[in-house]
Amino acid sequence: MILLWMIVILMVGGILAWLSGRINDALPRWISLLAILPNLALAAWIWLAEPAANPKATGAWLMQLNIEWIPQWGVGFDLALDGLSLLMLLLTFVLGFIAVLVSWNEIYNKVGFFHFNLLWVLAGITGVFLTMDLFLFYFFWEVMLIPMYFLIGIWGHENRTYAAYKFFIFTQASGLLMLLAILSLYFIHGSQTGVYTFNYFELLGTSFSPAVGMWLMFGFLAAFLVKLPVVPFHSWLPDAHSQAPTAGSVILAGLLLKTGAYGLLRFVLPFFPEAAQAFAPWAMLLGVIGILYGAILAYSQTDLKRLVAYTSVSHMGFVILGVFAFNELALQGVVMQMITHGLSTGALFILAGFLYDRIHTRDIRKMGGFWATAPKMGVIAMVFVMASLGLPGLGNFIAEFLTLVGSWQANNWLTVFATIGLVLATAYSLRILKKIFYGQNLTDHIIHDLSAREMLIMVPMVLLILWLGLYPQPVIDTAKPSIDEQLQAYTNVPEDRTISLEQPQLILQPADSLSQLNKLKNKGGAYGLK
Amino acid sequence: MVLNDFIYLMPLLILVMASLITMLVIAVKRYHKIIYIITLLSLIAAFASLFEIGYDEPYYIRPLFVIDSFALFYIGLILLSSLVVAMLSYAYFEQREERKEEYYILHILATLGACVMVISNHFASLFLGLEVLSVSLYGLIAYLRTRERSDEAGIKYLVLAALSSAFLLFGMALVYAVTGTMGFTEIGIALSAFQETPLILLVGFGMMVIGVGFKLGVVPFHMWTPDVYEGAPAPVTAFIATVSKGGMVALLIRFFLETNGFNYPALILIFTIITIASMFIGNILALMQNNVKRILAYSSIAHLGYVLVAFLAGNVLGVEAVTFYLVAYFITSLGAFGIITLLSDEERDAEQMEDYRGLLWRRPWTAAAFTAMLLSLAGIPLTAGFVGKFYVLAAGVKTDLWLMVVMLALNSVIGLYYYIKIIAVMFYQTNAGRERQALHPSAYLVSGITIALLAVLLVYVGVYPTSLMQLIENITLSVSAPAL
């Protein structure tokens, strides 16, 4: 029931916030905070209580909830929580909380309706991360679009209508392809077993011919790759991110993109093991192209928010690279990347919002030399810029390192090129710092340093990203059971995919999978020569 | 005729009586409010009388009518839609026309015509129903005769409807020439005797398709739709969009099931072309409009295309999907045109984009309801339109109509664009925009409540469609069990 409550609290909070907006501008803000706080507390409580609540017997799933919804179609209101969902929920509520705080002094227009949309986006995202029914998944997938469309379209910057349109149509079109794939999966499963259901666990075992599997996978991929986004489908992202209000950008970059990555992990990997393996080299290639292309474009932007948006394209390239490496290390990296990218990019957008608040431009050519008057902001910006370029000690380093180590095992050359992306990341990241905080202050603006409220937002984010960089083990432990579950179809590696004896390769395994290594050795793989 | 027949025809008889009473009352004294109340009461009474009729067995009134649960469901749907239109009409006509009372007679008669179509099982009753509906609509469309576009719309509809009726009649005659009968069931039996379909029969069916296609407003018989939608008074537009089209769809389903129409590849091909053309032309032309009524007109062409996708699926799921989609579309269309009605003033209807500028800030509730209606038309979750579209897609995927299904998905995206365009206009932040209301606010109370009810229904069906689906499954079982 807790899972249902999380969604209900957000939705009801949203409606209350809208209604209360008629009375007072401050009320919706407090209501939103009060709606997100219990959810954050609930998620944190589940996380802390997790080891006790999760004896081996229940497997990866911590909680489940099944309610009948449309029995004629086999649609159930099925929610379930595992480590992966839990981590995503924590991220959702942390960023949601921050988004409300960020909007505190930014949104003065139709405050009630703004917070209604904000909370409903969060509710939709929460639903996406929890649902275990494909109909419901599509339902929530769409529910999170419309409020986001309003957030961009009403409170965005100068070119907001265009950006909102583009965002909506891209995601809607790709979502419909996924819907078709879901429907055919439903009918294929139904005709095979006689049980017509949208339930995730029931559909997992469905088998189909390679060609059908490929088409179905493309249906799902369409939605997830557009959302992620992967390079040929990314063009909505810079517009949407740069035109959205700060809170909107934070949620877009921090959460909406992650729903795409989550979808890949949760649905594409376990449903279509064969098709995914066949497509993997191409997917990884797209990932590498994304990493390099995003980084190069980021370097050439003059609009600060657009720049950060392109860094997202680049960072999300690592996600798809890691997902299609099909090994535990890479997937741990992907999960870490989802969380750390959410925090670091979110923080950069917030900083861009603070700057916009002060000088009313996002053009970095008009900025410079702000360190002198705003040292606190400078320090914090430096932390997140360093995080974005993957400095060891900060969370993003762990994420990218694990991803690269994992993807090396799958494809050496592509990993080499992906690593070049880190160099480019250094270039664009340092450019942000240099253009804004160093050099001459060209304007006459006096830049105020961060206020107490702004520090209250930024300091916890700094602490979080440091913690993730220095001690990521709790996250890795939490994600491990669900990652193992997603990879179940891949653990019986076919013979030709085992590591060949002629070319010994570096294998990095976490300590707890030593037994697997031993198994390999017994077969004569890895270094254990027969 | 036996006494039992009267019981089964009770809803129709009530409507006939109501039109007579209304006429007599007008002859005594013109009093808008009383006529309005009589209309509402008679529609409610007709609806209530549906529950007196047994549902179990189809009841034949040979040779003209058949009353089964499928027909009853559609009659109920038509009566309720008609009731909603009538409820919206009071405030609309109160501020415009000095002779407002006859509107209600025509309204009741048109409803009667649609009901007759739904239960007809014979060419004669089909044609009678169709003509009662059409002739009433001629009057309704041109009712506000002082308006500029009203005559144009009325005459356009008159000429084209008469022409299409002629085609329909000729088609029926040809079918009769081949089969020697005019009853649907008998035609089905006669047709099954043929080894090859005779050419004359195909020509006959083709001509009937013209008549049917005109009423449905599908491409290439759609030319009248935008002009009539634009020229007719807003409540009448709502009526055309729902009752008139819904009756024809029900008739089409019955005719195809009785005559095994799905077994003729030529017919299926014709309908496939019509379907795809309707979806594309409707949506693409809607993109170029700036008049909200015209946008909705073109969008209705596209929506009938979606309905035909499910219709072509031709299985039980398809009939269910058609019915469900129609219900969702009825709720949505009535709501959308209801809001146009509500916002209109005595000079003209609220049909320009400008009328909606900033509506979200001026009248948040109205705008929220309109947004919900538009999102439902676009098929976004939490609304009935989403479940309907899902149903249609499911029916299509099940029968492997991949071409149609992909076209539908593609068209949904095109459609999204112009629905969002209206929504975007509503939240532009300007203080411009018309704000004139001639009447006392209480006159709008009924309209407001109606729209609120429709909005609630829209969300309810979108979130919890189970009960409606259960009902539709039961009624389609009765009609489709023998045929499929």
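User: In this predicted model, a residue counts as buried if 20 or more other C-beta atoms lie within 10 Å of its own, as exposed if 12 or fewer, and as partly exposed in between. Which of these classes does Ile420(A) fall into?
Analyst: Ile420(A) sits in helix H18 of chain A, residues 412-437. Within 10 Å there are 13 other C-beta atoms. A residue with 12 or fewer would be exposed, and one with 20 or more would be buried. Ile420(A) is therefore partly exposed.

User: What distance separates the C-alpha atoms of Ile420(A) and Ile23(A)?
Analyst: Along the chain, these residues are 397 residues apart.

User: How does the radius of gyration of chain B compare with the globule rule, and what does the rule give?
Analyst: Chain B has 20 helices and two strands. Its radius of gyration is 21 Å, close to the value of the globule rule for 484 residues, so chain B is as compact as a globular protein of that length. The rule gives 23 Å.

User: What percentage of the residues in chain B is buried?
Analyst: The count is taken over the 484 residues of chain B. Buried residues make up 56%.

User: Which helix gives the most residues to the side of chain B that touches chain A?
Analyst: The contact takes 22 residues from chain B and 22 residues from chain A. On the side of chain B, the elements that give two or more residues are helices H17 (384-398), H18 (402-426) and H20 (466-480). By class, this side has 17 nonpolar, three polar and two charged residues. With eight residues, the helix that gives the most is H18(B).

Methods. Residues are numbered from 1 along each chain as its sequence is written. Chains are lettered from A and ligands numbered from 1 in the order in which they are written. This is a predicted model: local features need pLDDT of at least 70, side-chain atom pairs count only at pLDDT 80 or more; totals for chains, interfaces and linings use all residues. Helices (H or I, at least four residues) and strands (E, at least two) are DSSP runs, numbered from the N terminus. The radius of gyration is taken over C-alpha atoms; the globule rule is 2.2 Å times the number of residues to the power 0.38. Two residues are in contact if their C-beta atoms, placed from the backbone, lie within 7 Å. Ala, Val, Leu, Ile, Met, Phe, Trp, Tyr, Cys and Pro count as nonpolar, Asp, Glu, Lys and Arg as charged, and the others, Gly among them, as polar.
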